[in-house]
Amino acid sequence: MGGVISVYQEPIPNIDGIVTYFNKTPRDIVCPHFWELRWAFGCPYDCDYCYLRGTGWGNKDPRYRPIDRVLRAIQKAFDHKYFVENPCIFNSGELSDSLMNPSRMEQIAEKFEEQGKHKLLLLTKSNNVMFLVEKPRKQTVVSFSLNAPEVWKRWEHRTPSPEKRIEAARMVSEAGYEVRVRVDPIFPIEDWQRHYQDLLYVLLSEIPKGKDPERITLGTPRGLQKTIAYSKNQSWTKYFEEYSKWGKKLSSSQRKEIYLFFCDKLGELGFDKSRISLCKETDLMWKELGMDRTRCRCNCIW
């Protein structure tokens, strides 16, 4: 599921450049391939570390494809032999914030309600969730990107506070949506353990038991060359010590310490560790943590 080819042998479909397959990850980086829904590009928020700065060569102002073209492409995907045979989840937040234009996304979500095989994945730092709360939908999954309040203050400009995003997560969870969470990128700022412990406590105490996140994906900063080049405030880059095929990284020992800390704290708070995954981490790190990459259940896949 989620875009993994089994018996289907024809070339992977590309539907009008709108429904496309993400398979660019280097071999030593664990990132299961997934389906993108390229309904728009850019983001109104101003996070200093955002990879869209590099992807857009310095221009990340929101740009939209005509909604009628997007809806036609989605229908063509639903009718395509590959998707008829393979239930998939379509990630609408790889090249944009999924909720940066709620009126457009509402139309897309309604399109997914016309069938029962595929899911729409929303990935967001927004709290623009009223259209979701007012009309619950079965085919939409909502994933919130969170960070510690201190990190938000330093580098996540123009975004709603982590507390407001957690409140939005509670609202959509109570409305019946599957909710996922990404804590990414995790920065080892001063006293980082306390900051992130507080974030996890608020997250898991605010969302009622039984409606807690279906999965939590963890990630540490990834400094792609173009991202850094187009970042106006590069203070977030001071933590890098290693290079990988997916950009600069924290040291292996620092990343391992962070992931072990999160796994321990989430376990103490009653969160099932089998529902924790890592974003764009090395195969070696998965092995060092004793995590099975073949059972990866990260944010962007089914």
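**Note on the predicted model**

1. The protein chain exposes about 13200 Å², of which carbon and sulfur atoms supply 50%; accessible areas come from the Shrake-Rupley method with a 1.4 Å probe, and for residues only the protein chains shown count as cover. The model is predicted, so local features need pLDDT of at least 70 and side-chain atom pairs count only at pLDDT 80 or more, while totals for chains, interfaces and linings use all residues. Residues are numbered from 1 along each chain as its sequence is written, and side-chain values use heavy atoms, with hydrogens and water left out.

2. Overall dimensions. The C-alpha trace of the protein chain spans about 50 × 40 × 40 Å along its principal axes.

3. Burial and contacts. Of the 302 residues in the protein chain, 56% are buried (buried means under 20% relative accessible area, exposed over 50%, partly exposed in between, with a 1.4 Å probe and protein chains only). Among contacts between residues at least 6 apart in sequence, 72% join residues at least 24 apart, where contact means heavy atoms within 4.5 Å.

4. Secondary structure. The protein chain has 11 helices and 16 strands. These are DSSP runs numbered from the N terminus, with helices (H or I) of at least four residues and strands (E) of at least two.

5. Strand E1. Strand E1 covers residues 19-22, and both of its faces are covered: Val19 and Tyr21 are buried on one side, as are Thr20 and Phe22 on the other. E1 runs antiparallel to strand E3 (residues 34-37), to which four bridges join it; two strands pair if DSSP finds at least two bridges between them. Tyrosine 21 has tryptophan 35 as its bridge partner in E3.

6. Aspartate 16. In the segment before E1 lies aspartate 16. Although aspartate 16 is not a glycine, its phi is positive, about 55°. Its relative accessibility of 38% makes aspartate 16 partly exposed.

7. Threonine 25. The loop between E1 and strand E2 (29-30) holds threonine 25, which counts as buried because its relative accessibility is 12%. Leaving aside neighbours within four places in sequence, threonine 25 is in contact with Cys31 and Trp246. The C-alpha atoms of threonine 25 and lysine 245 are separated by 8.7 Å, although these residues are 220 apart along the chain.

8. Cysteines. The structure holds zero disulfides, a disulfide being a pair of cysteine sulfur atoms within 2.5 Å. Cysteine 31 is in no disulfide, and the nearest cysteine sulfur, that of cysteine 279, is 6.2 Å away. Cysteine 296 is likewise in no disulfide, with the nearest cysteine sulfur, that of cysteine 298, at 3.4 Å. Cysteine 31 counts as buried at 13% relative accessibility, and cysteine 296 counts as buried at 10%.

9. The cis peptide bond. Aspartate 184 and proline 185 are joined by a cis peptide bond, with omega about 0°. Proline 185 is found in the loop between strand E11 (178-183) and helix H8 (192-206).

10. Helix H10. The 17 residues of helix H10 (residues 252-268) should span 24 Å at 1.5 Å a residue, and the end C-alpha atoms of H10 are 24 Å apart, which agrees; the expected span is 1.5 Å times one less than the number of residues. The buried residues of H10 include Arg255, Lys265 and Cys263, together with Ile258, Tyr259, Phe261, Phe262 and Leu266. Glycine 270, whose phi is positive and near 90°, follows H10.

11. Arginine 275. The loop between H10 and strand E15 (276-278) contains arginine 275. Its relative accessibility is 18%, so arginine 275 counts as buried. Not counting residues up to four places away in sequence, arginine 275 touches Asp212, Pro213, Glu214, Arg215, Ile216 and Arg297.

12. Lysine 280. Lysine 280 has its place in the loop between E15 and strand E16 (281-282). Lysine 280 is not a glycine, yet its phi is positive, about 50°. With a relative accessible area of 10%, lysine 280 is buried.
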